[in-house]
Amino acid sequence: MEAFEKALDSVIKLLRLVGASALVLMMLITCADVLFRGFDHPIIWAVDTVGFMAVLALACAMPYTQTEGGHVGVDLLVLKMSPRGQAIIDAITGTVSMVLFGVVSWQMWRYARELASKGEVSMTVQIPKAPFIYAVSVCFGILCIAILAGVIRNVGKAVEE
Amino acid sequence: MSPTYIGILGIILLVAVFFTRMPVAYVMTLVGFLGFSYIISLKAGLNLMARDIYDVYSSYGLTVIPMFVLMGQLAFNAGIGRKLYDCAYAFLGNIRGGLAMATVAACCAFGTVSGSSPGTAATFAVVGLPEMKRYGYGNKLASGAVASGGGIGMLMPPSVVMIVYGILTEQSIGKLFVAGILPAIYISVLFMVAIAVYAWYSPNEGPAGEKATWRARFRSLTKLADTLVIFGIVMGGLFIGWFTPGEAGAVGAFGVLMTALAARTLTWQGFVKSCYETLRTSCMILLLVAGAVIFGHFLAVTRIPFELANWVAGLNLPHWAIICMIIFVYLVGGCFIDALALIMLTIPVFYPVVSNLGYDPIWFGVIIVLVTQMGVITPPVGINVYVVSGIDKSIPLEDIFIGCLPFLFALILGTLLLVFFPETVTWLPNKMY
């Protein structure tokens with residue numbers, strides 16, 4: 001279990017690094033585009049690339065946001081329960097979320113395959129779309145594993161109490 | 001079962017599942033998917049979910065959000081808040097309650113580089129709160145001013161709430177931004193009046209500080225320079241049409257980064273932290289948007305928004321009464337759900353109602369931000385209050401909520417005035433666009 005959590009943690013940190021790099025690149029490419037456009041030399045590939053960088057940054061951020069508890073929820077009622085009750089509720093909602101995003105990951109993979117077979121590319125410089133959608137699918141898969149780790153922890157808590 | 005009936009069941013299920021503390025974004029995705037699949041078909045539901053999420057992630061319009069969040073994060077970690085506070089302090093510090101007023105003024109100024117209200121509140125919980133405590137300010141006034149003043153950060157452009165509203169309702173983000181400027185200044189003034197009244201009744205809560213010389217005051221104005229330049233470039237460039245809102249965000253973030261590097265106020269750790277925080281916040285917001293889009297598609301096939309709009313139009317109530325009812329819904333709902341989540345959830349329902357009544361969508365955008373501002377300081381889930389208490393643990397949560405009350409009244413009053421005089425909001429954007 002410890003080895004699993006450790007491996008998961010390093011994967012999440014790696015994704016976070018990729019996401020942050022994509023974010024900084026988005027900023028730099030956009031600024032360069034604005035600047036060069038001022039001199040009548042717009043960067044043709046800027047808009048397409050920034051779009052894909054955004055996809056990458058957001059997808060890579062999902063497991064990290066999940067483990068950091070970055071999402072907003074309504075915890076008024078749950079906080080009034082016993083620690084055991086809280087762990088049980090969290091384990092149940094975690095399992096539901098896991099199944100949900102498992103389905104999303106699977107559908108995203110199918111969507112990517114569909115676009116790959118059609119050979120869909122971006123508007124201006126014809127970058128293939130499919131690899132990025134595959135990446136989103138993989139990130140949703142890793143999100144599922146991150147949620148699973150939380151579920152296991154909560155089940156452990158519920159049994160212990 | 002008629003689609004409308006299924007829609008109502010869906011909304012009930014949604015609210016019920018919210019209370020399990022499952023992330024709001026996940027719940028909207030789940031219920032939206034289930035409902036859509038039930039009404040149309042499972043295959044359609046599965047297709048819809050993947051496509052909606054990818055469309056949101058890859059939408060060029062939404063790249064605005066990470067860029068403006070990054071700009072605010074960099075400004076926070078580079079200590080821009082400190083400079084703005086010093087300047088406001090030099091001018092207002094010597095009057096009763098003046099330090100709290102300086103906090104509000106600095107929040108308004110910081111709003112020009114930050115689009116988020118918890119971000120602004122966090123900045124001044126670090127910068128303004130210790131200063132007020134040093135001068136013997138009461139916990140309630142000091143923390144209330146920081147938590148409430150933080151809300152101005154999202155009214156003053158850039159504003160994450162306005163971007164989300166603009167995208168969900170297909171309104172011009174530039175126009176929304178311009179519309180926020182005057183109300184932000186006006187709400188800041190109302191807040192200062194609230195502080196003056198408060199300090200008048202309980203002088204011990206907000207004693208006067210030292211008086212700065214005029215020389216020192218003028219010198220402090222130079223500290224505003226870089227913020228003003230960045231704001232001028234971002235808003236000016238957006239308005240003249242040099243760049244799109246997304247580009248404005250990138251240019252602003254780069255501008256803040258450059259000024260911080262030149263002044264040597266941003267460390268490498270600060271930079272990395274800004275990037276990671278931006279990832280987290282942007283991911284949270286965009287998954288909410290994706291959830292809202294999926295849920296919105298479900299609502300659209302149930303026809304609830306249209307039925308509701310028609311029903312309200314048939315009520316024969318004066319328009320202002322309907323707007324007040326909507327504001328009331330937000331005020332109550334904002335107590336339970338995170339303000340941004342509430343907006344995304346309700347915009348598909350309320351927006352058709354409001355535009356059906358003939359109101360200006362830009363004006364409604366500003367009203368939405370104002371009610372969100374109320375949501376971030378009302379118990380039990382006022383995010384700004386939690387941000388302030390997270391930074392200064394010595395102040396009890398109840399004290400901060402009580403401290404926010406005068407500001408809440410000022411906000412309600414201010415919002416009502418804007419409801420009855422909508423021209424105050426629409427005048428500037430109509431003049432400029």
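A salt bridge here is a side-chain nitrogen of Lys or Arg within 4 Å of a carboxyl oxygen of Asp or Glu. With that rule, Glu247(B) pairs with Arg37(A), and the closest N and O atoms are 3.0 Å apart. Glu247(B) sits in helix α13 (residues 245–262) of chain B and Arg37(A) in helix α1 (residues 2–38) of chain A, so this pair joins two chains; helices (H or I, at least four residues) and strands (E, at least two) are DSSP runs, numbered from the N terminus. Glu247(B) counts as buried, at 3% relative accessibility, while Arg37(A) is partly exposed at 29%. For these labels, buried means under 20% relative accessible area, exposed over 50%, and partly exposed in between (1.4 Å probe, protein chains only).

A word on the model itself. It is a predicted one, in which local features need pLDDT of at least 70 and side-chain atom pairs count only at pLDDT 80 or more, whereas totals for chains, interfaces and linings use all residues. Residues are numbered from 1 along each chain as its sequence is written, chains are lettered from A and ligands numbered from 1 in the order in which they are written, and side-chain values use heavy atoms, with hydrogens and water left out.

Back to the interface. Glu114(A) and Arg51(B) make another salt bridge, with the closest N and O atoms 2.9 Å apart. Here Glu114(A) belongs to helix α3 (residues 83–118) of chain A and Arg51(B) to helix α3 (residues 42–58) of chain B, so this pair too joins two chains. Both partners are partly exposed: Glu114(A) at 28% relative accessibility and Arg51(B) at 27%. Across the interface of chain B and chain A, the rule finds four salt bridges, against 16 in the structure over all chains. The size of an interface is often given as the accessible area lost when the parts come together. For chain B and chain A that buried area is about 5100 Å², 77% of it on carbon and sulfur atoms; the figure is the accessible area (1.4 Å probe) that two parts lose on being put together, summed over both. In terms of contacts (heavy atoms within 4.5 Å), 50 residues of chain B touch 58 residues of chain A.

Chain B has 21 helices and zero strands. Its radius of gyration is 22 Å, close to the 22 Å that the globule rule gives for 433 residues, so chain B is as compact as a globular protein of that length. The radius is taken over C-alpha atoms, and the globule rule is 2.2 Å times the number of residues to the power 0.38. The C-alpha trace of chain B spans about 75 × 45 × 45 Å along its principal axes, and 60% of the 433 residues count as buried. Of the contacts in chain B with a separation of 6 or more, 80% come from residues 24 or more positions apart.

Salt bridges also turn up inside chain B. Lys83(B) and Asp226(B) meet at 2.6 Å, N to O. Lys83(B) lies in helix α5 (residues 80–92) and Asp226(B) in helix α12 (residues 225–240), so the pair ties together parts that are 143 residues apart in sequence. Lys83(B) itself is partly exposed, at 23% relative accessibility. A network of salt bridges links Arg82(B), Asp86(B), Glu131(B), Arg134(B) and Lys223(B). Helix α12 also holds Thr227(B), which is buried at 5% relative accessibility. Beyond its neighbours within four places in sequence, Thr227(B) is in contact with Ile80(B), Leu84(B), Ala109(B), Thr112(B) and Val113(B).

A nonpolar patch of about 880 Å² is made by Leu182(B), Ile185(B), Val189(B), Val193(B), Val197(B), Trp200(B), Tyr201(B) and Trp427(B). Its largest share, seven residues, comes from helix α10 (residues 173–201) of chain B. Trp200(B), in that helix, counts as exposed at 62% relative accessibility. Patches are made of residues with over 30% relative accessible area and no salt bridge, with like charges joined within 9 Å and nonpolar side chains (Val, Leu, Ile, Met, Phe, Trp, Tyr) within 5 Å.

Chain A has four helices and zero strands. Its radius of gyration is 20 Å, well over the 15 Å that the globule rule gives for 161 residues, so chain A is more spread out than a compact globule. Buried residues make up 48% of chain A.

Notes. Accessible areas come from the Shrake-Rupley method with a 1.4 Å probe; for residues, only the protein chains shown count as cover.
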